[in-house]
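Please read it alongside the sequence and the structure.

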Amino acid sequence: MRAIPESESLDVVDLPDPRPAPGEVVIDVAAAGVNRADVMQRAGKYPPPPGASNVFGLEASGTVSAIGDGVSGWSIGDEVCALLAGGGYAEKVAVPAPQLMPVPRGIDLVSAAALPEVACTVMSNVVMAGRLAPGELLLVHGGSSGIGTHAIQLAHALGARVAVTARNQAKLDRCRELGADLGIDYTTQEFDEVLAEHDGADVILDIIGAKYLQKNVAALATGGRLVIIGMQGGVKGELNIGALMAKRASVIGTTLRARPVSGPGSKSTIVAETVARTWPLVESGDVAPIVDSTFRIDDAAAAHERLDSGDAIGKVLLTME
Ligand SMILES: NC(=O)c1ccc[n+]([C@@H]2O[C@H](COP(=O)([O-])OP(=O)(O)OC[C@H]3O[C@@H](n4cnc5c(N)ncnc54)[C@H](OP(=O)(O)O)[C@@H]3O)[C@@H](O)[C@H]2O)c1
C-alpha cells in the first residue's frame, strides 16, 4: 500500500499491507484528517505513543476490507470512520474495532474523515469532562479551528451559549454562522475583559495553555471548568490558586491519543458516547463536518502548509485517490 511514514518531507512510500490483529479491522482508506498534531509530529515535537504506527494520521474514513478474530458487529464493505493512534495517511489502516464509528446518515465518505478527532475531542472535553449544560456559556479558543468549528455547533445544538476567539473578522463571521453568540478578536480585544461583561464562562475549551492560563482563570464564572487540550502557548504557567478557590473552579487537562483502547477513560468509552450523542445531531443536520480543503495524498505537504498557514477554517483532508 502507499503511505506516508514519519518524515520531514512527507514522501509517499510503498509499505506492506496491514493485517488485522485479533480485535482489529482493516479499513481501505477513502480520506484522512490532517491535524495540528501531525504538523507537530513532522517537526519532531509529538512522537507517536509506544506501539502506535509511525505512519501519520489520527483519523480516517473508508470501507471495512478485513476483519480480525473476535470482532463482531462489523462486516466487509461497511462504510466507517475511525479514531486512530496513527496510520491514517495510507491506503489501508488496521484499527481496534472499538474505535470504529459508522458514517452518519447523509454524510459522504470523504467528509466523514473530518469527524472522528473533533467529535471525540469535543464530546470528551466539553460534555464529559466539562459537563457543559444547556443555558451555560462556553468559551472556545480558536473558534475557526477544526476543533473549534465542531465545538461551536455541538454546544449550540445542546442549548448552550458560545463565545469564541479568533484572529480576524472573517473567521469570527464564520463562527457566528456556525452558531457562536459572541466573537472576540484576540488581536484587538482582551477576552477576559469581554467575558467579565457576560458574568464569565462556565466552560472554557483552551488550546493555548500556559500563555492563557491566568486570563482563562480570570474569565471563568463561579463553578467554572477550564479544560486545556492544547499547548500552543507553552506548557508551564502560573496558576492563581486563590482566584481558582474563590470561584470554586477547576482546571482539567486531557489528551485523546494516548488513552487506552478500552477500560476507564478509554477511547472506546468516548467513541460510544460520541456515536450515541453527537451522531444523531450530525444526521439531523445540526452539526456538520466543516471541511476547509481537500488534497490528494501526494500533496500532503501542501495540506500541512494549508493548516500551518492559519488561514484554514475547519478541517483539512487528504484523499487516497
Ligand atoms: N488534547 C487533545 O486530545 C487534542 C485533540 C485534538 C486537538 N487538540 C489541540 O486542539 C488544537 C486545535 O486543533 P486543530 O487540529 O483543530 O488545529 P487548527 O485547525 O490548526 O487550529 C489551530 C487554532 O489555533 C488558534 N490560535 C492560535 N493562536 C491563538 C491565540 N493566541 N488565541 C486563540 N486562538 C489561537 C488559531 O486561530 P486563529 O487562526 O484565529 O489564530 C487556529 O484556529 C490544537 O492545539 C491541537 O493540538 C488537542
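1. Contacts and basis. Two residues are taken to be in contact if their C-beta atoms, placed from the backbone, lie within 7 Å. The structure is a predicted model, in which local features need pLDDT of at least 70, side-chain atom pairs count only at pLDDT 80 or more, and totals for chains, interfaces and linings use all residues. Residues are numbered from 1 along each chain as its sequence is written.

2. Asp-38. Leaving aside residues up to four places away in sequence, Asp-38 touches Phe-56, Gly-57 and His-304. Asp-38 belongs to helix α1; helices (H or I, at least four residues) and strands (E, at least two) are DSSP runs, numbered from the N terminus. A residue is called buried if 20 or more other C-beta atoms lie within 10 Å of its own, exposed if 12 or fewer, and partly exposed in between, with C-beta atoms placed from the backbone. Asp-38 counts as buried because it has 27 C-beta neighbours inside 10 Å. The C-alpha atoms of Asp-38 and Leu-58 are separated by 8.0 Å, although the two residues are 20 apart along the chain.

3. Helix α10. His-304, a contact of Asp-38, is one of the buried residues of α10 (residues 300-309), together with Ala-300, Ala-303 and Leu-307. Viewed down the axis of α10, these buried residues fall within an arc of 100°, so they line one face of the helix; the arc is that of the directions from the helix axis to the C-beta atoms. An α-helix has 3.6 residues a turn, so residues three or four places apart point the same way. The packing partners of the buried residues of α10 are β3 (24-34), α1, β14 (291-296) and β15 (315-319). Just after α10, Gly-310 adopts a positive phi of about 80°.

4. Ligand shell. Which residues come nearest to the ligand? Of the 28 residues around the ligand, they are Gly-142, Ser-145, Gly-146, Gly-230 and Leu-256, where a residue is near a molecule or strand if its C-beta atom, placed from the backbone, lies within 6 Å of it. Two or more residues of the shell come from each of α1 (36-42), α2 (116-129), α3 (146-157) and β9 (161-166). α3 gives the most, with three residues. By class, the shell has 10 nonpolar, 14 polar and four charged residues; Ala, Val, Leu, Ile, Met, Phe, Trp, Tyr, Cys and Pro count as nonpolar, Asp, Glu, Lys and Arg as charged, and the others, Gly among them, as polar.

5. Domains. The chain is divided into domain 1 (2-115 + 289-319) and domain 2 (119-253), with bounds that come from an automatic or database domain assignment. The centres of the two domains, taken over C-alpha atoms, are 28 Å apart. Seven residues of domain 1 are in contact with eight residues of domain 2. The side of domain 1 that touches domain 2 has four nonpolar, two polar and one charged residues. Each of the two domains supplies at least three residues to the shell around the ligand.

6. Helix α8. In α8 (residues 267-277), the buried residues are Lys-267, Ile-270, Val-271 and Thr-274. They cover an arc of only 100° around the axis, which puts them on the same side of α8. These buried residues pack against β5 (79-83), β7 (100-102) and α2.

7. Helix α4. The buried residues of α4 (residues 169-177) are Lys-171, Leu-172, Arg-174 and Cys-175. Their arc around the axis is only 160°, which puts them on the same side of α4. The exposed residues Gln-169, Ala-170 and Glu-177 are carried on the face turned away from that buried side. Packing of the buried residues of α4 is against α3, β9 and β10 (182-185). Just after α4, Gly-179 takes a positive phi of about 125°.

8. Backbone points to check. Arg-131 has a phi near 55°, a positive value in a residue other than glycine, and is found in the loop between α2 and β8 (137-140). Arg-131 counts as exposed because it has 12 C-beta neighbours inside 10 Å. Arg-248 also has a positive phi, near 50°, and its place is in the loop between α7 (241-246) and β13 (250-253). With 10 other C-beta atoms within 10 Å, Arg-248 is exposed.
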